[in-house]
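The following paragraphs lead the reader through one protein model, from its overall architecture to individual residues. Please keep the sequence and the structure in view while reading.

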Amino acid sequence: MNTILKDWYIVSVFEGKELLGKILWGICVDDMTYRFAIGDYVCTSEIEFISPMTHLIRTVNGSLYQVIGEGRKVEVQVKDFELLRKGFSPDQITQLNLISHDLLH
C-alpha cells in the first residue's frame, strides 16, 4: 500500500461542460512512500482506476491510494483546479465561489 487517505473526494474537473478528468483529493493518514506527512492534503494526478471493493485508487502516474471512510464526489471548473493543488478543499472552493458571486451581485 502506498498512501492512505481520509476525508477524501473524487473531483471531476470540467472546462465548461467538458469533463477533463477526475482526481483524488484527501487528507493523509499514512504514507509508506514518505511523500506526505500525516495530516497533509493530497491532490493526485488523474485517476486511472478505481476499485470500489478494495477502496483502492490508482492514478496515471502509477501511485496507489487506499481511501477510508465515506468519500464524496464533487465537480470543479478548471479555473479552480490550482486551488486544489494549493491545498484548498473542494468545500472551501465552493465557499470561495459563493462569496465571489455574492460580491459581484
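From the N terminus on, the elements of the protein follow the order β-β-β-β-β-β-α-α, where helices (H or I, at least four residues) and strands (E, at least two) are DSSP runs numbered from the N terminus. The radius of gyration, taken over C-alpha atoms, is 14 Å, close to the 13 Å that the globule rule gives for 105 residues, so the protein is as compact as a globular protein of that length; the rule is 2.2 Å times the number of residues to the power 0.38.

This is a predicted model, in which local features need pLDDT of at least 70 and side-chain atom pairs count only at pLDDT 80 or more, while totals for chains, interfaces and linings use all residues. Residues are numbered from 1 along each chain as its sequence is written, and side-chain values use heavy atoms, with hydrogens and water left out.

Of the 105 residues, 35% count as buried, that is, under 20% relative accessible area, with exposed meaning over 50% and partly exposed in between (1.4 Å probe, protein chains only). In soluble globular proteins, nonpolar side chains tend to be buried together. A nonpolar core is here a set of buried Ala, Val, Leu, Ile, Met, Phe, Trp, Tyr and Cys residues joined through side-chain atoms within 4.5 Å. The largest such core has eleven residues, including Tyr9, Ile23, Cys43 and Leu84. Strands β1 (3–15), β2 (18–31) and β6 (72–77) are the elements that each give two or more residues to this core. Apart from it lies another core, of ten residues, among them Leu5, Ile10, Ile57 and Tyr65.

Contacts (heavy atoms within 4.5 Å) show how individual residues are placed. Not counting residues up to four places away in sequence, Ile23 touches, among others, Tyr9, Val11, Cys43, Phe81 and Leu84. Ile50, in strand β3 (residues 41–51), is in contact with Ile10, Leu56 and Ile57 once its neighbours within four places are left aside. With a relative accessibility of 38%, Ile50 counts as partly exposed.

Asp7, in strand β1, has a phi near 45°, a positive value in a residue other than glycine; because its relative accessibility is 47%, Asp7 counts as partly exposed. Tyr34, in the loop between β2 and β3, also has a positive phi, of about 65°, although it is not a glycine. Tyr34 is exposed, with a relative accessible area of 75%.
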